[in-house]
Amino acid sequence: MSLKCVHIDAGLRIQNNGNYSPCCVARTVVYKDHNGDPMNVKTHTIDEAFASPTLKEIRKAFENNIKHPGCSDCWQEEAIGKASKRIRDNEKTRLDNVAYNKPHSLELNLGNICNLACRMCTLGASMNWKKEFNLTKDENEKWSEEKLQDVARAHNNSFTDDSMIWDELTKNMKYVKWIDTYGGEPMMMKKQWDVLKYSVEQGYAKEQFVHFNTNGTIFKPEYVEILKHFKQADISFSIDGTGDYFEYIRYPAKWSDAENTMDTWIKNTQDIPNIKFDLCFTFQITNVLNYGKMAEWAKDRDMRIYRNAVFSPKYYNATNIAEHIKEKVIDRIRSKSVKYPEIREEWEEIINHIRFEKADPDGWRRFLKVNNNLDKSRNQSFIELFPEEAELFGITGI
């Protein structure tokens with residue numbers, strides 16, 4: 001039996017720079033045309049994207065039951081017994097009437113307009129990273145000011161008000177059943193709200209599921225007025241820790257403000273059953289010990305919590321915790337008390353990820369260097385904020 005994935009059949013991701021690919025976890029895949037040039041919303045239509053030679057190559061691999069390397073993140077998660085995006089999304093669309101080569105599942109990564117500069121992010125998803133980007137590079141890798149400006153602009157200009165993508169989206173909304181929206185910070189992108197309003201006006205929304213991945217810092221009543229017309233609207237708060245963990249990772253946001261904003265969303269939609277909330281905990285080296293507290297916060301609000309691993313940048317990937325301290329970290333995780341028994345089982349997913357492969361020594365070196373560089377730039381201190389982790393990691397100063 002051949003491998004199946006709804007995103008290979010009828011999924012479309014629009015990356016932050018406007019390039020087309022099948023989905024968010026096929027991170028290395030970019031659709032190219034017959035000349036070998038990247039297919040972008042500025043130059044290619046959605047129909048042209050589905051005719052890409054790149055997609056044909058991936059489909060051929062699936063038909064022959066070959067695990068295409070572009071989908072390696074899903075293969076890794078499935079290897080450790082986790083339901084990958086492929087498995088989850090195949091299941092949720094199992095009963096749908098899927099039109100082949102049309103965007104049944106649509107993922108929008110709307111440039112790099114964002115109000116934060118999260119630790120594991122980069123210039124492609126937040127313009128605020130421009131001044132610190134070179135702090136993540138070794139000396140021989142640093143970019144010129146001109147290149148930084150060019151890349152920052154490239155990840156924004158596909159979504160300007162006059163971009164052809166907005167007309168392309170409105171023309172194709174009648175095929176769309178599932179909409180996933182990311183940023184930057186998607187709540188800040190006005191034109192996508194115009195597209196959603198169009199879907200409401202045309203009557204498509206009542207059969208559509210829309211999902212936002214948001215940093216939890218923005219609430220506007222008019223957004224509720226739009227989202228209440230969809231069959232279901234899921235708001236995923238991308239929150240990677242409580243208190244100091246949140247403020248350290250999701251710089252320069254404040255935990256008290258974000259907590260209040262998220263509670264405002266919940267309060268203002270409590271009588272609208274089709275608007276639902278969950279929490280996406282993106283785990284990486286700095287926050288693996290805080291999952292229990294974060295899960296308790298979510299469960300106290302009857303909010304499902306989903307765990308998402310950082311794969312890129314590699315130096316924050318939790319598999320790169322130095323090999324000689326991994327078991328110490330795992331023992332410390334298992335020693336934590338938890339309010340809800342199921343948290344222990346959930347935490348084991350993170351442990352399985354940590355153990356999945358041996359640490360890359362260069363990944364650990366770069367983590368120590370980059371994290372320290374950002375500490376200095378942001379006037380933060382990993383050692384002072386997280387003495388437990390610092391002791392486990394053997395960090396006493398760099």
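**View 1. The buried face of helix 4 and what covers it.** In this predicted model, helix 4 spans residues 72–79, and its buried residues are Asp73, Cys74, Trp75, Gln76 and Glu77. Buried here means under 20% relative accessible area, exposed means over 50%, and partly exposed is in between (1.4 Å probe, protein chains only). Helices (H or I, at least four residues) and strands (E, at least two) are DSSP runs, numbered from the N terminus. The cover over these buried residues includes helix 3 (53–63), helix 5 and helix 14. Just after helix 4, look for glycine 81, which takes a positive phi of about 85°.

**View 2. A salt bridge between glutamate 78 and arginine 86.** The side chains of these two residues meet with an N to O distance of 3.1 Å. A salt bridge is a side-chain nitrogen of Lys or Arg within 4 Å of a carboxyl oxygen of Asp or Glu. Glutamate 78 counts as partly exposed at 21% relative accessibility, whereas arginine 86 is buried, with a relative accessible area of 12%.

View 3. Helix 7 covers residues 165–172, and because the two partners are 3 residues apart in it, about one helical turn separates them. Which of the partners is buried and which is exposed? Glutamate 168 is buried, at 6% relative accessibility, while lysine 171 is exposed, with a relative accessible area of 54%.

**View 4. Lysine 299 and glutamate 346, a salt bridge between two helices.** The side chains of lysine 299 and glutamate 346 meet at 2.9 Å, N to O. This pair links distant parts of the chain: lysine 299 sits in helix 12 (residues 291–300) and glutamate 346 in helix 14 (residues 342–355), 47 residues apart. Both lysine 299 and glutamate 346 are buried. Follow the shared partners and you will find a single network of salt bridges that joins Glu77, Lys82, Lys299, Arg307, Glu342, Glu346 and Glu349.

**View 5. Histidine 104 and its surroundings.** Histidine 104 lies in the loop between helix 5 (85–92) and strand 3 (105–109). With a relative accessible area of 3%, histidine 104 is buried. Which residues does histidine 104 contact, leaving aside its neighbours within four places in sequence? They are Ala10, Thr93, Asp96, Asn97, Val98, Tyr175, Val176, Lys177 and Trp178; contact means heavy atoms within 4.5 Å.

**View 6. Stepping back to the whole protein.** The protein has 17 helices and 8 strands, and 56% of its 398 residues count as buried. A compact globule with 398 residues would have a radius of gyration near 21 Å, and the protein agrees with its 21 Å. That radius is taken over C-alpha atoms, and the globule rule is 2.2 Å times the number of residues to the power 0.38. Of the contacts with a separation of 6 or more, 71% come from residues 24 or more positions apart. A search of the whole structure finds 41 salt bridges.

**Notes for the views.** Residues are numbered from 1 along each chain as its sequence is written, and side-chain values use heavy atoms, with hydrogens and water left out. As this is a predicted model, local features need pLDDT of at least 70 and side-chain atom pairs count only at pLDDT 80 or more, while totals for chains, interfaces and linings use all residues.
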